[in-house]
Amino acid sequence: MHNCLYIVVPCYNEQDVLLETAMQLREKVLRLVSDKKVSRDSKIVFVNDGSKDSTWDLICQLHKQDKIFIGIDLSRNRGHQNALLAGLMAVRGSADMVISIDADLQDDINAMDEMIKKYNEGCDIVYGVRNSRKHDSFLKRFSAEGYYRFMNFIGVEMVFNHADYRLMSRRALEALSQFNEVNLFLRGIIPMIGYKSDVVYYERSKRLAGESKYPARKMLSLAFQGITSLSIKPIRMITILGVVMFLFSIAMFIYTLIRFFGGFTVTGWSSLIVSVWAIGGLVMLSIGVVGEYIGKIYLETKGRPKFIIKEILKSEEQDDNR
């Protein structure tokens, strides 16, 4: 049985929670090893995403204390998705299965047992799915669930209420490495792999300490990234809206002619001004959406690296996968 587990944890300014996270994950891995669910070669990988606090120093300290911890230091902050991908790609040649989880441990680490069970049953991808959002505010819950439904509406295959807590087999990671997008949205890309998958439900808890590294601005940016990176339906919607407005203009033209030849005149500038502003706003919105897609094409054609690894801390017996 191939059961070497690597746990990949992206970190950005996580000094307040890192030691507690490391302790809990270490205990979890050791328990899995003692239960013979994973091998003794299993590791915990912290990916430092250009943190400005002492996160990397703590990772180095953990590595010196226990070789179960591996550290990957990126040259600069590249964002959560790129940091996660860096960790996954760095360990794909050493691990049989990889579980990704955020450093705040709001995701229940005990769900890993069920993930590993489903992996042993033949699943290449196991998604961790929240069974409720009772700790979220009404606005966050409404917007998040509405976003998942909207993404499915525009044709993006996503697992409802799943973030980036998942297990992937080595085979799935090799398949993921073939996706060369610069604009990453892993929640939408990974379901495209198509290998056998399943879900594990868990209850998400409150953050251990510190503040969330995903404020509303970053969440909106990630949401828009997902829409424009994985679907062209927004452009099609603009086209459809343009056709509808063109047909409406023809209808208004006919109506105006009828009123004119009937001896009626329409006076006043209110309706004209409203129409001008509405059409002008629509044109600007359309240009903005099209420009967003063109900008993404521009970045894709440059082929810039999604991340650059500055340093890797690992034990001597591990292969260099950089």
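Predicted model: local features only at pLDDT ≥ 70, side-chain atom pairs only at ≥ 80, totals over all residues.
**Exercise 1. Which residue forms a salt bridge with Arg26, and how far apart are the closest N and O atoms?**

Residues are numbered from 1 along each chain as its sequence is written, and side-chain values use heavy atoms, without hydrogens and water.

*Solution.* 
- Step 1: Start with the criterion, a side-chain nitrogen of Lys or Arg within 4 Å of a carboxyl oxygen of Asp or Glu.
- Step 2: The partner of Arg26 is Asp66, with the closest N and O atoms 2.6 Å apart.
- Step 3: Check the cover on Arg26, which is partly exposed because its relative accessibility is 34%. The classes are buried under 20% relative accessible area, exposed over 50% and partly exposed in between, with a 1.4 Å probe and protein chains only.

**Exercise 2. Take two further salt bridges, Arg170 with Asp96 and Arg166 with Asp164, and describe their surroundings.**

*Solution.* 
- Step 1: In the pair of Arg170 and Asp96, the closest N and O atoms are 3.7 Å apart.
- Step 2: This pair spans 74 residues, from Asp96 in the loop between helix 3 (80-91) and strand 4 (97-100) to Arg170 in helix 6 (residues 170-176).
- Step 3: Arg170 is partly exposed at 33% relative accessibility, whereas Asp96 is buried at 15%.
- Step 4: For Arg166 and Asp164 the N to O distance is 2.8 Å. Arg166 is buried at 1% relative accessibility, and Asp164 is buried at 5%.
- Step 5: To finish, the count of salt bridges comes to 11.

**Exercise 3. How many aromatic pairs are there, and how are their rings arranged?**

*Solution.* 
- Step 1: Rings of Phe, Tyr and Trp (its six-membered ring) pair if their centres lie within 6.5 Å; planes under 30 degrees apart are stacked, over 60 edge-to-face and the rest tilted.
- Step 2: This rule gives two aromatic pairs.
- Step 3: Phe46 and Phe69 are stacked, at 5.9 Å centre to centre and 20° between the planes.
- Step 4: Phe46 belongs to strand 2 (residues 43-48) and Phe69 to strand 3 (residues 69-74), 23 residues apart. Phe46 is buried at 1% relative accessibility, and Phe69 is buried at 4%.
- Step 5: Tyr165 and Tyr202 form an edge-to-face pair, because their ring centres are 5.3 Å apart and their planes lie at 85°.
- Step 6: Tyr165 sits in strand 6 (residues 162-169) and Tyr202 in strand 7 (residues 197-202), so this pair ties together parts 37 residues apart in sequence. Both tyrosines are buried.

**Exercise 4. Which side chains does the side chain of Arg204 contact?**

*Solution.* 
- Step 1: A polar contact is a pair of N or O atoms within 3.5 Å; within protein, one must be able to donate a hydrogen and the other to accept it, and residues adjacent in sequence count only if both atoms are side-chain atoms.
- Step 2: Locate Arg204 in the loop between strand 7 and helix 8 (216-230). Arg204 is buried, with a relative accessible area of 17%.
- Step 3: The Arg204 side chain makes polar contacts with the side chains of Gln106, at 3.1 Å, and Asp107, at 2.7 Å.

Note on methods:
Helix = DSSP H or I, 4+ residues; strand = E, 2+ residues; numbered from the N terminus.
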